[in-house]
Amino acid sequence: MTSSSSITVRYTCPHCDAVHSIERGPDLADRSVTKHSQPGWEYATPDDGFEAREAADGIAFICGEDGPVTDLAEEPIEGCGRPFYLNFVRFEQGVELDPDPPTYGGPRFDFSP
């Protein structure tokens, strides 16, 4: 995929609401943005090449260290320096995999904050 068929997508840090922008393919398959990585998932970084990012299971960000960030009003800010993770939809043998722990509002039994 070439950069001419990419779009700029914005993701918000779940810790501090800083907004990060990154070039992505137009066929987005995003599942969630979380404070913790999903066990067994392979994450690219925003500095990885376009194809490497799109081939990964998600993108690991460090708030404020992976390029410029803004607040919700698009004013430049520093960010909080904490990691967060963009998780893509994953398939195994044609079946969509659920994240672990689930990122939707269902019951949780891990007792993690």
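Q: What should I know about the model and its numbering before I start?
A: The model is predicted, so local features need pLDDT of at least 70 and side-chain atom pairs count only at pLDDT 80 or more, while totals for chains, interfaces and linings use all residues. Residues are numbered from 1 along each chain as its sequence is written, and side-chain values use heavy atoms, with hydrogens and water left out.

Q: Which residues make up the largest nonpolar core?
A: General idea: a nonpolar core is a set of buried Ala, Val, Leu, Ile, Met, Phe, Trp, Tyr and Cys residues joined through side-chain atoms within 4.5 Å. Buried means under 20% relative accessible area, exposed over 50%, and partly exposed in between (1.4 Å probe, protein chains only). Here the largest core has 12 residues: V9, Y11, C13, A18, I22, I59, F61, C63, V69, F84, L86 and F88.

Q: Which elements give two or more residues to this core?
A: First, the naming: helices (H or I, at least four residues) and strands (E, at least two) are DSSP runs, numbered from the N terminus. In this core, the elements are β1 (7-12), β5 (58-62) and β8 (83-88). β8 gives the most, with three residues.

Q: What does C63 touch?
A: Contact means heavy atoms within 4.5 Å. Leaving aside residues up to four places away in sequence, C63 touches C13, C16, A18, H20, E78, G79, C80, G81, R82 and F84.

Q: How many salt bridges does the structure hold?
A: Side chains of opposite charge can pair when their charged atoms come close. The cut-off: a side-chain nitrogen of Lys or Arg within 4 Å of a carboxyl oxygen of Asp or Glu. This structure holds three.

Q: Where do R10 and E74 lie?
A: R10 sits in strand β1 and E74 in the loop between β6 (69-70) and β7 (76-77), so their pair ties together parts 64 residues apart in sequence. Their side chains meet at 3.3 Å, N to O. R10 is partly exposed at 41% relative accessible area, and E74 counts as exposed at 53%.

Q: Which residues are linked in a network of salt bridges?
A: That would be R24, D30 and E54. R24 pairs with E54, with the closest N and O atoms 2.7 Å apart. This pair links distant parts of the chain, 30 residues apart: R24 in strand β2 (residues 19-24) and E54 in helix α1 (residues 50-55). D30 also bridges to R24, at 2.9 Å between the closest N and O atoms.

Q: Is R24 buried or exposed?
A: R24 counts as buried, at 1% relative accessibility.
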